[in-house]
Amino acid sequence: MRTKLIAGNWKMHGSKSFIESLMKGITEQLNAAMESDVLVCPPTIYIPLVKNLIGDTAIAVGAQDLSEQEQGAYTGEISGDMLKDNGCQYVIVGHSERRSLYGETDILVAHKTGKAIEHGLTPILCVGETLEQRENGTTMQVVEQQLDAVIDTLGIDAFAKIVIAYEPVWAIGTGVTASPEQAQEVHSAIRAHLREKNAQVAESIKILYGGSMKAANAEELLAQPDIDGGLIGGASLKADEFIAICNIAG
Ligand code: PGA
């Protein structure tokens, strides 16, 4: 049985006071008995603040990106070591915004994924197609290419330490969510692709859905057999919404 993971991706939102009140809302309402794992990924500079605000809850903290380099003259970059040193357990890699706005290639994403694992961080490897690619019928080709770059670079066994997030680009921040059937179809195809290389890894890996997930659609999405949680953007910035999704995950 795979446990679910509900992850908030705050992107470049927040301030000290906003985060204090968001974390107050989340920590006060979180059901301590829930079985799913809960994660928040603040902007990097607020990670220590969020660590302080977590109190005795089991909320994990993650970053939204890391450098593929170990250390050195890389102005503006943050290393896996630094994230670990500040209490991060997870890091998002290859989010579609990084791929499309900052030119991150499949191979760079594979190196970042490897760096995260090296530092004991769980990478949340994002994959997904654009609207054009979906309409062209190349969704699985695109997703498999994104996965294969990581498989070829790190080997299939590395996926035992990876969480995948399937995020159709056309559903991110648009309010248009993939239907549960559309999402399940891709999730199951991702698992089948991994199964060809390693059945055990395919069965145990968590595959999150991301793209306009909110309390109103979480139930149907999370009920799909191959959807093991959510990577939530907009709705993770509202404590009540985020908690409602956590409660649905159970
Ligand atoms: P969204 O973002 O929930 O606002 O669509 C999801 C994501 O980009 O991870």
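Mentor: Buried means under 20% relative accessible area. Keep that cut-off in mind. This is a predicted model.

Trainee: Is Ser-67 buried or exposed?

Mentor: Ser-67 lies in the loop between strand 3 (60-63) and helix 3 (80-85). Its relative accessibility is 3%. The cut-off is under 20%. Therefore Ser-67 counts as buried.

Trainee: Which residue's backbone nitrogen does the side chain of Ser-67 reach?

Mentor: The side chain of Ser-67 makes this approach at 2.8 Å. The backbone nitrogen belongs to Gln-69.

Trainee: Which residues is Ser-67 in contact with, leaving aside its neighbours within four places in sequence?

Mentor: Contact means heavy atoms within 4.5 Å. Set aside the neighbours within four places in sequence. Ser-67 is then in contact with Glu-77, Ile-78, Ser-79, Lys-112 and Lys-115.

Trainee: Now Pro-48. Is Pro-48 buried, exposed or partly exposed?

Mentor: Pro-48 lies in helix 2 (residues 47-53). Its relative accessible area is 38%. Buried is under 20% and exposed is over 50%. Pro-48 is therefore partly exposed.

Trainee: How far apart in space are Pro-48 and His-119, C-alpha to C-alpha?

Mentor: In sequence, Pro-48 and His-119 are 71 residues apart. In space, C-alpha to C-alpha, the separation is 18 Å.

Trainee: On to the helices. Are helix 1 and helix 11 roughly parallel or oblique?

Mentor: Helix 1 (residues 16-29) and helix 11 (residues 239-249) have axes 9 Å apart. They pack at an angle of about 30°. Angles under 35 degrees count as roughly parallel. Helix 1 and helix 11 are therefore roughly parallel.

Trainee: How many nonpolar residues are in the contact of helix 1 with helix 11?

Mentor: Leu-22, Gly-25, Ile-26 and Gln-29 in helix 1 meet Ala-239, Asp-240, Phe-242 and Ile-243 in helix 11. By class, this contact of helix 1 with helix 11 has two polar residues, one charged and, for nonpolar, five.

Trainee: Is helix 7 oblique or roughly parallel to helix 8?

Mentor: Helix 7 (residues 139-154) and helix 8 (residues 180-195) pack with their axes 11 Å apart, at an angle of about 40°. Under 35 degrees would be roughly parallel. Helix 7 is therefore, relative to helix 8, oblique.

Trainee: Is the crossing of helix 7 past helix 8 left-handed or right-handed?

Mentor: Residues of helix 7, including Met-140, Val-143 and Leu-147, meet residues of helix 8, among them Val-186 and Ile-190. The residues of this contact of helix 7 with helix 8 divide into eight nonpolar, two polar and two charged. As helix 7 passes helix 8, the crossing is right-handed.

Notes: Residues numbered from 1 in each chain as written. Predicted model: local features only at pLDDT ≥ 70, side-chain atom pairs only at ≥ 80, totals over all residues. Heavy atoms only, no water. Helix = DSSP H or I, 4+ residues; strand = E, 2+ residues; numbered from the N terminus. Buried < 20%, exposed > 50% of the residue type's maximum accessible area, 1.4 Å probe, protein only. Polar contact = N/O pair within 3.5 Å; in protein donor to acceptor, adjacent residues only side chain to side chain. Axes fitted to C-alpha atoms, helices over the stretch in contact; angles between N-to-C directions. Parallel < 35°, antiparallel > 145°, perpendicular 65-115°, else oblique. Nonpolar A, V, L, I, M, F, W, Y, C, P; charged D, E, K, R; others polar. Left-handed = near helix turned anticlockwise from the far one by under 90°.
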